[in-house]
Amino acid sequence: MAGRETLPGRVWKFGDDVDTDAIIPGRFLILNRPEELAKHAFEGVRPEFKDQVKPGDIIVAGENFGCGSSREHAPLALKGAGVRCVIAKSFARIFFRNSINIGVTLLECPDTDRIAEGDVLEIDEAQGIITNQTKNEIYRAKPLPEFLMDIVRSGGLIDFARKMVERMSREKTREKGREAE
Amino acid sequence: MIMACIIMSGNLTITEKIFSRAAGRPCQAGDYVLADIDRAMTHDITGPLAVEGFYEIMKNQKDKKVWDPEKIVVLFDHQVPADSLNAAQNHIMLRKFVNDQGISNFYDIFQGVCHQVMPEMGHVTPGMLVVGSDSHTCAYGAIGAFATGIGSTDMAAAFALGKLWFRVPETLKFQVDGRLGDRVYSKDVILKLIGDVGADGARYQACEYGGEIVRDLDVSQRMTISNMAIEMGGKAGVIEPDRKTDDYIRQRVPEYHPDRDMKSDEGAQFSAVRKYDLSEMPPQVACPHNVDNVVDIDRVEGKKIDQVFIGSCTNGRFEDLKIAADVMGGRPVAKGVRMIVIPASRTEYMKALKAGLVEQFMNAGAMVEAPCCGPCMGGSFGLLGPGEVGLSTSNRNFKGRQGSPDAFVYLGSPATAAASAIKGCITDPRSV
């Protein structure tokens, strides 16, 4: 984990309003596995992406990344492709939720115009610090709200929800026990 | 305590009221809450991942049951009838899930598009907090619910807990006054608003639509406006319920009692109020490849088209089909143009059938399909090939949305689509 945090990654640069149909076209939504979806990521708009993307690569974009459909297949395709994180000026709401929920790292940073295709970035997620090794620059990302950090710390929403279900079922058992008394 | 007083003193938006009830405590925009879900809807595309996630959450539980089977609705609409083996397998998996969980609100391949079926079958009433694993879930804002799209993992958690986390959104108010001109409809209104604020103009916010024009619209046309809130990044598209809403709901939920407080208070805080008078507005068209790339129709008139699609959760209701048939007025579809009409639900299809619309469309040379999402989702049938141009009454024109990434999709009202179908090029419906 510590190693992963400092490993530099290569940038794929996108513009504003990258939509979920661009990330994964509708005809592939019959697929559910991240690695299968990854084979078609950005197929319509960046045909070379799926063949050339390497684990640890980073997507950098402008405003409103992930707008459009609620398909979780979009962040799953990026996860399957081994994308290390997405850095954008802003994210569309459902894409943002979905990514947090399945453990795809997102960083909101106003300086993405300074980052170019092919730049090599080093990311410190915990501190929200992005180091551009190619340009020798440092940018700061907005930290996540505490509420969301709880989910991230739990390892995503599935684990967070499982803990909650288990707590609720323990409480129920205790209540039943009290009633029996 | 002071905070509570401020919150309770009649300055809440309708959205804040709904979240206050669902969270069990007074809350206002910006608060993070764990809120009770009133309805959770999933379909054949996003459902399988949600079900997998649900069982993953429940893996250590002996009793792997959803929180409340009565509050869950499952529908098949995106790939119906199954158009591939993968789709058929997804359907099998979801049928087993509804069976195992005792979910009675299940609509197999025949009922129609989720956002039409949900309100139509009485699953949504004003003031509810509704989630759906589909981005156009915001459509139910048209009947005064707070309804929002979520992903499959969120849906998995909702199945297990009956609760989800939310940030209570600020509200962007659209005050739309005036009176719509001849052959100008709610689709033109919402395209205008989206073009105005942009694809992220309402990001993280609830849209609330009001004003003379919105009040004058019937529930069917309001659904078009609420449906497309997501196209400006909105989390919901709420319209204050009124007598028209009451009539619509009572036909489906006889025991429904309206709550006249289900509206934004006089002193409610909006992030902004945008005022419009759209009396003079001509029909609007969204041009490739973004929904906010909106122009007055005269800017694109004469653009040759290959395919017209009238349907979808945005504009596939009986009223939409009626408008289209009236504009066509018995004239045939232009040579070289394919016209596909898909009523949004079985109910709407039956209404169109009884009114003779299906016959009119077929006589004109159009193809009328059974209710489903059709070409709108771009993964099933009715796709556009490279270089082709489509005009659609649906909600998205992203590159590749309706087939080839080298195709071009324009969005307009059913009237614009019908006029264009008979002329073979984008045509102002007021001119035919």
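Q: Is B:Arg183 buried or exposed in this predicted model?
A: Burial is read from C-beta neighbours. Twenty or more within 10 Å means buried. B:Arg183 has 21 inside 10 Å, so B:Arg183 counts as buried.

Q: Where is B:Arg183 found, and what is its phi?
A: Look at the backbone next. B:Arg183 is in the loop between strand E8 (171–177) and helix H7 (186–197) of chain B. Its phi is near 55°, a positive value in a residue other than glycine.

Q: Which class does B:Tyr204 fall into, and what is its phi?
A: Apply the neighbour count again. B:Tyr204 has 18 C-beta neighbours inside 10 Å, so B:Tyr204 counts as partly exposed. Its phi is positive too, near 65°, and B:Tyr204 is not a glycine. The residue sits in the loop between H7 and strand E9 (206–210) of chain B.

Q: Which peptide bond ends at B:His289, and is it cis or trans?
A: Read omega. The bond from B:Pro288 to B:His289 is cis, with omega near -5°. B:His289 lies in the loop between strands E12 (284–286) and E13 (294–296) of chain B.

Q: What is omega between B:Val80 and B:Pro81?
A: Omega is about -20°, and this peptide bond is cis. B:Pro81 belongs to the loop between strand E3 (72–75) and helix H4 (85–101) of chain B.

Q: How many residues does the largest nonpolar core have?
A: That core has 188 residues. Those with the most contacts inside it include A:Ala41, A:Val86, B:Phe159 and B:Ala324. Helix H12 (residues 318–328) of chain B gives the most to this core, with seven residues.

Q: Which residues are in contact with B:Phe159?
A: Set aside neighbours within four places in sequence. Then the contacts include B:Phe54, B:Trp67 and B:Ile72.

Definitions and conventions. Residues numbered from 1 in each chain as written. Chains lettered and ligands numbered in written order. Predicted model: local features only at pLDDT ≥ 70, side-chain atom pairs only at ≥ 80, totals over all residues. Core = buried A, V, L, I, M, F, W, Y, C linked by C-beta atoms within 7 Å. Buried ≥ 20, exposed ≤ 12 C-beta atoms within 10 Å, placed from the backbone. Helix = DSSP H or I, 4+ residues; strand = E, 2+ residues; numbered from the N terminus. Contact = placed C-beta atoms within 7 Å.
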